[in-house]
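Keep the structure open beside you as you read.

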Amino acid sequence: MMKTIYLTPPTRWIGKLTKARLLPNGPVREIAAHGVPQEVAEFAAYGARINILEAEITGPSAGRAAPRGPGQTTLNLMDTTTAQTLSAAIAGGGQAEIHVQAAAQKRGHPSGEHMWLPLGVDDRFICEPGVKHRKWYLSKSPTALTKAQIAGDAGVAESVVTAQWLLTRPQYGGTEQTAINANMHEMLRTGIGVNGRSDHWFLERGYDYTNLDWGGFGGQDELHPVKVAAWGTGADPVVRIWSNSVMLPYSVVQDVKAVRMYAGNHQSLQAWFGYGAIYDHIDVGYSVDFQWTTFFTIREATILSAYKDFPLKIDNGKWLANGNHVAGVYAFETDSILIDSCEIDHPGWKDGYDYNGDATMPHPVSKYSHCVYLQTGTLDVTVRYCLLSRAAAGGFQMRSGLQAEGNLMVDNNVQAAINSFSGQDQFNNFLDNVAFSAGYRRVAYEEGGFNWGYDVKGPQSSMVGNVIAHRANPDDPAEMAAKPNGSWAYGVNLEFPHLVEDTQAWKWSTSVPARNVEGIDPVVLDQTTIQRFTGIKLGKTFGTIPELVAHVAAASSIGNIVREAVRWTKDRFGTPIPSRTTPADLVFYPDPRIEGFRWDNRYNWSTKDLPGANIADTVDLGGNFVRFGNTNADIAALESNGGLLDVVSGKLEIGALSDAAEMIIRKAGQVWVGASDQPLSVEAVGGRLALEGAASNLDLYAGGQAQALLGPNCTVLVGKSLVVSGQRARVGWDGTGTAALTIGGKLEFRRGVEVTTSDGGQEKIRFVYKHIGQQVTGSISGFTGRVAAVERASGRAETYKVWFDDVVGTPQAGDVFTVQPLRKPDGTETKHNITIGSVNSMGVTPLQPFRSGSVGDGLTDPTVTATVTLASTAQIVIPAGLPSQDLTGPGVTVVNEGATLPGGVTLTGGKLIYTAA
């Protein structure tokens, strides 16, 4: 375990000079020895990591300090990457000097920022209807409605049945019973404007829809994506998803089969230049290809045929190894990818191949084909709860760092090759993974490793809680004879030192057959095989690996079976993963061995499981920075103790706040809070804040594409603010009944501006999406603001719109602003500059009821009426340059109890109106 080293006991001072190392293998420093009292104690810490100091310190000059327990402090130095000396105060008196070592990996830990939405009872992601929404049921059945039949039913000419005409007539194609013929898809795609729409497209099962073009589709925002899914019975609909089609922004694809062959060629499911999309419960006919894609999730997918049926390239009558390679999932220059609960089997080879690679025989193995192949420049990756099996080469091949948790690796030639050597990438965190059965597939050339276990290398890589066992099935003498040994001492490559490595091993290699299994019955370990686990699932003593693969593929949930297998293995190895159903009080204790900030990492919690296992769970952040995402949780109460909660995806439901809470909500994050009289401070630039009960002490900034539902009774006290920024945020109420908002502090409106650009197309637009919520400055006008939203105005983003909020000054045509850079493998970054083509509109969204998509079926317009009371202490703040507009909308009545209104603002008929001078 990495431990921050203090040079003296916390109660003693340092005096006379001596020499020592502050970090293991670190440089020798002159320091003070015990003896002469001084006012400074010295400590050591790692940059870009969580550190535990054996002293109680406060106010560090960089980073974030949180009390951990008697005599300890958690020091978060995630944003401190260079070598430097920090200062801090020590409780009880005295000062601390904290000598920070430069980050071992320039880009720190994988961020844990991934696209995730609430899950329905069917275990599918819930896609809410947005402002522009319709359901479309399509079919290739002969009973599906044609244009002629629709025209006849409506009593109009067939020429009248256009996309725009159908858009407002959901009686045609709006239900399964009124499904329309799929040959109208192209008319609809080109006729209704599919950018910025949250339409749900349902394809009848049992038919092939590979001729349908999904290019140009994109949803409203993360919570209101466009959805492509299935209806009816039979085999899942077959689709073709290629180049920059439906994976473009804000899309969810569910319950379809991606075509294997198209026009005589193998067809990957391609996700290029995408942002904020999900593939959910899909069957991939060939392989998945992520390139230049951001904030993307693939979950509960089967990828079982990632091999070639014929060679693409032949060399002297043989399959060319580097040219016919295939990965189950491949990624390049892609970030924020989550691969969750997927089954990837048999990539890169086909049964019956020739050892010498005869091109007339099936696809042979090579060192280039893996289950998951993440190339250089692929950052912020999480892979969890996947079955990765029988790869030609690696279960994993990773070049830039990742977080891998709870995966089951079976019979791969290399179970995991996770390497990030340069120090310019990210840390490797390898947690609770299990591997069985050494792959022994051989070939005459370009063979690569075989019988390899865990090859996890890179500065300060962490391996925690992993198991590797049984290179061969001990119940099968023939297999034991065919696999005489496994790699390395106990299946783990120790060529590079790890920050921590506690792998448990049993009979992987002959040189060290057992490791970290003291006190466990050898008979139990001998019977902990993947064949016996498969037998349990199939109701017999033993099962085979092909039977396991088939069973998992047919199951309703891949992830559930993988989690069960990992738990079963770790239980028998004496290191169980807690399984709790009773309520608990969970405290966030960042684990310095790993990343130390993720809510969805069980090692960061006092119970070593996740909050929400029981609805009565309570959570204490312990003063720490905590990132919530990639999960959904419903808890009884949240205590922050000065902590900061960063909610980037998923839905967190909180019954009550136990003390003052500070939150950031962005991207796909949602926070729902019950009644509370505790102070709640929220910066929302995306996602949703929903107040379900009375909130008596709110301080809220709402910008970007955020939704803020203010609940039945909300109060902004003196010294606090309600800020509504830009044209895309929505602040107000949804549903029925009545609501009240009392402003005792500040009600502030900040100007938004919409612009159009034709700069960079699909290559640059993803970096503009990544910049939502962050500052920009105009090169000519000098305007400042934050990117609020992005939407394509053309199919491949040749032209797209950008909204800014918090705008000061006025953008102009020709202004250049800079957004997120491309992070290159050598540690450098390439800036992306965007030139404004035209300035379209400016203003701010009124405070009003709105259809959020989250109430009931999401389609009913709200009837709630709200009263906004301006106390005598209230301040209304209007930005310079705001055009005349209403500040409150229909359904809102404003009552002024003595507040002084600024110039240009009037209260007319219960409505706040601003008139520009």
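## What lines the largest pocket

In this predicted model, the lining of the largest pocket is made up of 17 charged, 15 polar and 12 nonpolar residues. The space inside the largest pocket comes to about 1,300 Å³. If you want to find its centre, look for D79, S111, E113, R627 and R666, which are the closest to it among the 44 lining residues.

Next comes the second largest pocket, with about 880 Å³ of space. Its lining has 34 residues, and Y385, R563, R567, L610 and T631 are the ones nearest the centre.

Sorted by type, the lining of the second largest pocket holds 14 charged, 11 nonpolar and 9 polar residues. Helix α8 (residues 558-572) gives the largest share of this lining, with 4 residues.

## A closer look at G535

Now turn to G535, which sits in helix α6 (residues 530-538). Is G535 buried or exposed? Its relative accessibility is 0%, so G535 counts as buried.

Leaving aside residues up to four places away in sequence, G535 is in contact with K540, T541, F542 and G543.

Methods:
Residues are numbered from 1 along each chain as its sequence is written. This is a predicted model: local features need pLDDT of at least 70, side-chain atom pairs count only at pLDDT 80 or more; totals for chains, interfaces and linings use all residues. Side-chain values use heavy atoms; hydrogens and water are left out. Helices (H or I, at least four residues) and strands (E, at least two) are DSSP runs, numbered from the N terminus. Buried means under 20% relative accessible area, exposed over 50%, partly exposed in between (1.4 Å probe, protein chains only). Contact means heavy atoms within 4.5 Å. On a 1 Å grid over the protein atoms alone, a cavity is a set of points where a 1.4 Å probe fits but cannot get out, and a pocket is an open set with protein on both sides within 12 Å along at least five of seven lines; lining residues have an atom within 4 Å of a point. Grid points are joined across faces, edges and corners, and a volume is the space filled by probe spheres set on the points. Ala, Val, Leu, Ile, Met, Phe, Trp, Tyr, Cys and Pro count as nonpolar, Asp, Glu, Lys and Arg as charged, and the others, Gly among them, as polar.
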